[in-house]
Amino acid sequence: MREMNDWSLAAQVREPRIRTYIALDPTLFEDESVAEVDRCIALGATGVKIHPQVNEHFPDHPALRAVYARCEETGTAVLA
């Protein structure tokens, strides 16, 4: 998933009209979720996209609470 985020962020650098929403799976990243958000925001990510149905988690997954808080702090959009 990090590779996909890196690919998307690199595409955004090449084509400034692209706005990257990184992919985040709280069951994959768990305690590293906020670190991935921070890393990608620093690289220019506009938002975070979660796929509860595809990744088989609920939008209130415990690892997402800290992600939502960080996104609120930084003004980063969340798309589900």
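This report describes helix packing, salt bridges and selected residues in a predicted model.

## Packing of helix 1 against helix 3

Two packed helices are described by the angle between their axes and the distance between the axes. For helix 1, which spans residues 2–14, and helix 3, which spans residues 33–42, the angle is about 15° and the axes lie 11 Å apart. Because angles under 35 degrees count as roughly parallel, helix 1 is roughly parallel to helix 3. The crossing of these two helices is right-handed.

On the side of helix 1, the contact is made by Arg 2, Asn 5, Asp 6 and Leu 9. Helix 3 contributes Glu 36, Arg 39 and Cys 40. Sorted by class, the contact of helix 1 with helix 3 has four charged residues, two nonpolar residues and one polar residue.

## Packing of helix 3 against helix 4

Helix 3 also packs against helix 4, which covers residues 62–74. The angle here is about 30°, and the axes are 8 Å apart. Helix 3 is therefore roughly parallel to helix 4, since the limit for that description is an angle under 35 degrees. Helix 3 passes helix 4 in a right-handed crossing.

The residues of helix 3 that take part are Ser 33, Val 34, Val 37, Asp 38 and Ile 41. They meet Ala 63, Ala 66, Val 67, Arg 70, Cys 71 and Thr 74 of helix 4. By class, the contact of helix 3 with helix 4 has seven nonpolar, two polar and two charged residues.

The structure holds six salt bridges. One of them joins the side chains of Arg 39 and Glu 36, with an N to O distance of 2.9 Å. Both residues lie in helix 3, three residues apart, which is about one turn of the helix. Arg 39 has a relative accessible area of 28% and is therefore partly exposed. Glu 36 has a relative accessible area of 1%, so Glu 36 is buried, the limit for buried being under 20%.

Glu 73 and Arg 70 are separated by about one helical turn, because they stand three residues apart in helix 4. Glu 73 is exposed, with a relative accessible area of 59%, whereas Arg 70 counts as partly exposed at 25% relative accessibility. Elsewhere, salt bridges that share partners join Arg 2, Asp 6, Glu 36 and Arg 39 into one network.

## Arg 39 and its surroundings

Arg 39 lies in helix 3. Apart from neighbours within four places in sequence, Arg 39 is in contact with Arg 2, Asn 5 and Asp 6.

Arg 17 counts as exposed because its relative accessibility is 72%, and the limit for exposed is over 50%. Glu 15, at 28% relative accessibility, counts as partly exposed.

Met 1 lies in the segment before helix 1. With a relative accessible area of 31%, Met 1 is partly exposed. Met 1 and Ala 23 are 22 residues apart along the chain, yet their C-alpha atoms are separated by 6.9 Å. Leaving aside neighbours within four places in sequence, the contacts of Met 1 are Ala 23, Leu 24, Asp 25, Leu 28 and Phe 29.

Glu 30 is placed in the loop between helix 2, residues 26–29, and helix 3. The phi angle of Glu 30 is near 45°, a positive value in a residue other than glycine. Glu 30 counts as partly exposed, at 47% relative accessibility.

How values were computed
Residues are numbered from 1 along each chain as its sequence is written. This is a predicted model: local features need pLDDT of at least 70, side-chain atom pairs count only at pLDDT 80 or more; totals for chains, interfaces and linings use all residues. Side-chain values use heavy atoms; hydrogens and water are left out. Axes are lines fitted to C-alpha atoms, for helices over the stretch in contact, and angles run from 0 to 180 degrees between N-to-C directions. Helices (H or I, at least four residues) and strands (E, at least two) are DSSP runs, numbered from the N terminus. Angles under 35 degrees count as roughly parallel, over 145 as roughly antiparallel, 65 to 115 as roughly perpendicular and the rest as oblique. A crossing is left-handed if the near helix is turned anticlockwise from the far one by less than a right angle, and right-handed if clockwise. Contact means heavy atoms within 4.5 Å. Ala, Val, Leu, Ile, Met, Phe, Trp, Tyr, Cys and Pro count as nonpolar, Asp, Glu, Lys and Arg as charged, and the others, Gly among them, as polar. A salt bridge is a side-chain nitrogen of Lys or Arg within 4 Å of a carboxyl oxygen of Asp or Glu. Buried means under 20% relative accessible area, exposed over 50%, partly exposed in between (1.4 Å probe, protein chains only).
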